Amino acid sequence: MLKLIVANWKLNPTVEKEAVRLARAVDTKGVVLCPPFPFLAAVKGRVKKGVLGAQDVFWEGSGAYTGEVSGEMLHELGAKYAIVGHSERRMHLGETDEMVGKKCAAALRTRITPILCVGEPLAVRRKGTAAVLRYVRRQLAVAVRYIPKNLRRSIVVAYEPIWAIGTGIPCHVFEAERMVKACAAFLVIKEKFRNVHGLYGGSVSGQNAKSYLDAEYIDGLLVGGASLRAEEFKKIVAAGR
Ligand code: PGA
């Protein structure tokens with residue numbers, strides 16, 4: 001199976017021309033490019049082999065919600081995926097598991113596959129693996145309450161420990177695989193999702209990507225910083241082939 005490599009550009013690049021240039025440079029099969037909202041249309045025009053993703057999605061389809069963007073709008077723009085519940089949104093914008101669950105449901109309703117992000121802070125990691133498992137399972141369990149049974153089709157779950165994001169301190173492969181596997185198993189066995197893919201994210205680089213992609217239960221990667229450097233990102237993609 002082709003591994004899924006998701007590029008989370010976050011609030012980058014700053015101008016459309018750069019976004020288009022980057023998209024053109026890294027456009028490959030199996031890649032999901034998630035530019036900032038204002039660049040989605042321009043990037044869509046350049047992506048031929050890969051697919052387009054959004055970095056967020058709102059849970060309502062229309063109405064008095066200043067600043068929000070709906071799944072319908074993203075679908076119309078050609079987005080196939082939407083990142084939901086990234087730890088930066090949980091931290092800076094106060095997103096809760098409830099909001100994350102509603103966003104996943106909205107994505108699924110509009111034929112967009114959610115990339116549901118979960119992961120523990122360092123304080124929890126320090127308590128050991130049982131605490132980490134409890135923390136992440138709870139994030140999933142609460143979010144999933146807002147996803148009706150009939151929408152539980154395809155979902156991507158990304159295990160991203162907060163202490164590994166943007167720090168240059170990646171999670172050990174053994175541990176990352178164990179968590180990705182646990183998340184996917186929870187969604188399939190306990191919550192009856194039909195089609196679940198598990199990703200790892202957090203300080204993925206051209207150097208370490210292959211070790212994750214060689215792991216049986218890791219179906220792909222969610223890449224932040226390294227996805228902004230075309231050559232480095234291409235190395236990551238190549239590691240999955
Ligand atoms: P990073 O970010 O690759 O820069 O650590 C990952 C993410 O935030 O998804």
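**Ligand site**

I started at Gly-166, where a backbone N or O atom sits 2.7 Å from an oxygen atom of the ligand; I count a polar contact as a pair of N or O atoms within 3.5 Å, and within protein one must be able to donate a hydrogen and the other to accept it, with residues adjacent in sequence counting only if both atoms are side-chain atoms. This is a predicted model, so I note that local features need pLDDT of at least 70 and side-chain atom pairs count only at pLDDT 80 or more, while totals for chains, interfaces and linings use all residues. Residues are numbered from 1 along each chain as its sequence is written, and side-chain values use heavy atoms, with hydrogens and water left out.

Next I looked up Glu-160: an N or O atom in its side chain is 2.6 Å from an oxygen atom of the ligand. For Lys-10, a polar side-chain atom lies 2.7 Å from a ligand oxygen atom. The protein covers 95% of the 280 Å² of accessible area that the ligand has on its own (Shrake-Rupley method, 1.4 Å probe; for residues, only the protein chains shown count as cover). I find 13 residues around the ligand, with Lys-10, His-86, Glu-160, Gly-166 and Ser-203 coming nearest (a heavy atom within 4 Å).

I went back to Lys-10, which is in the loop between strand 1 and helix 1 (DSSP runs numbered from the N terminus: helices are H or I, at least four residues; strands are E, at least two). Its phi is near 55°, positive in a residue other than glycine. Pro-13 is in the loop between strand 1 (4–8) and helix 1, and I noted a cis peptide bond from Asn-12 to Pro-13, omega near -20°. Most residues other than glycine have a negative phi, and most peptide bonds are trans.

**Helix pairs**

I checked helix 1 (residues 16–26) against helix 10 (residues 230–239): the axes come within 9 Å and cross at roughly 35° (lines fitted to C-alpha atoms, for helices over the stretch in contact; angles run from 0 to 180 degrees between N-to-C directions). Leu-22, Ala-25 and Val-26 of helix 1 meet Ala-230, Phe-233 and Lys-234 of helix 10 (heavy atoms within 4.5 Å).

For helix 7 (residues 129–144) and helix 8 (residues 173–190), I have axes within 10 Å, crossing at roughly 35°.
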